[in-house]
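Here is a short briefing to read beside the model.

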Amino acid sequence: MGGINHMFLLYIDESGDDGFPGSSDSFINTAIQVQSENWNSIDKKFNNFRRKLATSSKLPYHLELHVNNIIGRKSPYTSLSMTDDEIKNLIRDTAKIISGLDILCTSIVVDKTRLNKSVNIFDIGVHHLVNRINTTISVKYKSLSFKEKSFLIFCDQGRISNWETLVSSMKKQNVLYNAKSSKQEIFKLNKLIEDPIQRDSRKSNFLQIADFIVTIFNKYHQLAVLNRTFRSRMAFIDLDFITEILEILKPVLNLDATKDRKHYGAVYFPKIKNTT
C-alpha cells in the first residue's frame, strides 16, 4: 500500500463552441489534477462554498454548477431569472474559491478552424491532454517514487466508450515526437492505472470545477484568439471580463504546460504563431 496516498486523480471535462451558430469551431479539454490525500478537504471546502453561494446568489445548492448554461440562461437556469451582473458575480466568486484550492488545471485547445475536417478532433484533444498530464506529473513531482506518480482519470458521462477505446490504444502504442532525437518515438503511458472512470457531473464537485475552467477557456478562445463577440443573451460576456477571471484563476492554472505564456497555460493544437 506504500505510496497510495500520493495517487493523482484527474477529473476531465470538455467543451465545444455552442455560443455561436453552426458547427463547433473548437474542442477544449480541461483536467483538474488533485492528489488523493487532499480530495476530502477540497471536496468539503467546495461544498461549503456552494452552501454559501446558495444564500448569496440565486443558485440553489442542489443544482449543478454548470456555468456555460448559466451564462446562456438555458434550462433549468432560466427560471432563476439572474441578471447579467448576478451571473458575473457568481463567476467571480467561483473563480476566487477555485484559485485557493490545492489543484492544478491543464487545458488543451484544438482549433478546428485550422485543421482538416477529416481529422478526428476528439482523438487529438485526448491524446495531447493525457500525454501532457503524464509529462507534468513526471517532471513536476520528481521527488516522488514511480508508484506515487500513478493517476486515475474520471470523466463525465456520454463519451466513456470513446475514452476507454482511445486510452486503451494509447497504452499499447503511444507515439510522440521526441524533440531531442528529432523523430517519432513510442512513449509508455505506464503511470495511468485502470480504464477511465465515468462519473455523473451532477454529483461531482471536481467535474463541475473542470466544467467551469473549460468554459472560461472556451470563451477566451472565441474572444481573444478568434476575435469574435458574443450575441444576444451572452453579449455581456466580453474579453475584459474573461481575462479578469483567468487572472484570478492563475494560481491553479498549469502555466508550465506550454512555453507560450500568452494564453494562460492553454496548450493549442495546432500551435499559434505570431500572436500578440
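Strand 4 and strand 7 pair in the parallel sense, over three bridges. The model is predicted.

- Leu-9 stands opposite Leu-152 in strand 4.
- Strand 4 is mostly covered, with five of its six residues buried.

- Six strands make up an open sheet, and their order is 7-4-1-2-3-8. The pairing in this sheet is mixed.
- Strand 7 (197-199) and strand 8 (267-269) stand at the edges. Each has a single partner strand, so one side of each is left without a neighbour in the sheet.
- On average, neighbouring strands of this sheet are turned by 25 degrees against each other, direction ignored.
- Helix 6 (residues 205-225) packs on the sheet. Helix 6 touches strand 1, strand 2 (26-35), strand 3 (104-111), strand 4, strand 7 and strand 8.
- The direction of helix 6 makes about 140 degrees with that of strand 2.

**Helix 3 against helix 6**
- Helix 6 also packs with helix 3, at an angle of about 115 degrees. The axes of helix 3 and helix 6 are 11 Å apart.
- The crossing of helix 3 and helix 6 is left-handed.
- Helix 3 brings Ile-91, Thr-94, Ala-95 and Ile-98 to the contact. Helix 6 brings Ile-209, Phe-212, Ile-213 and Ile-216.
- By class, the contact of helix 3 with helix 6 has seven nonpolar residues, one polar residue and no charged residues.

**Helix 4 against helix 5**
- Helix 4 (residues 121-140) and helix 5 (residues 160-172) pack at an angle of about 55 degrees. Their axes are 11 Å apart.
- Helix 4 and helix 5 are therefore oblique to each other. An angle counts as roughly parallel under 35 degrees and as roughly perpendicular from 65 to 115.
- The crossing of helix 4 and helix 5 is right-handed.
- On the helix 4 side, the contact residues are Phe-122, Asp-123, Val-126, His-127, Val-130 and Asn-131. They meet Asn-162, Trp-163, Leu-166 and Met-170 in helix 5.
- The residues of this contact divide into six nonpolar, three polar and one charged.

**Gly-72 in its loop**
- Gly-72 lies in the loop between helix 2 (67-71) and helix 3 (84-99).
- Gly-72 touches Arg-233 and Met-234, not counting residues up to four places away in sequence.
- Gly-72 and Ser-232 are 160 residues apart in sequence. In space they are 9.3 Å apart, C-alpha to C-alpha.

Technical notes:
Residues numbered from 1 in each chain as written. Predicted model: local features only at pLDDT ≥ 70, side-chain atom pairs only at ≥ 80, totals over all residues. Heavy atoms only, no water. Axes fitted to C-alpha atoms, helices over the stretch in contact; angles between N-to-C directions. Helix = DSSP H or I, 4+ residues; strand = E, 2+ residues; numbered from the N terminus. Parallel < 35°, antiparallel > 145°, perpendicular 65-115°, else oblique. Left-handed = near helix turned anticlockwise from the far one by under 90°. Contact = heavy atoms within 4.5 Å. Nonpolar A, V, L, I, M, F, W, Y, C, P; charged D, E, K, R; others polar. Pairing = 2+ DSSP bridges. Buried < 20%, exposed > 50% of the residue type's maximum accessible area, 1.4 Å probe, protein only.
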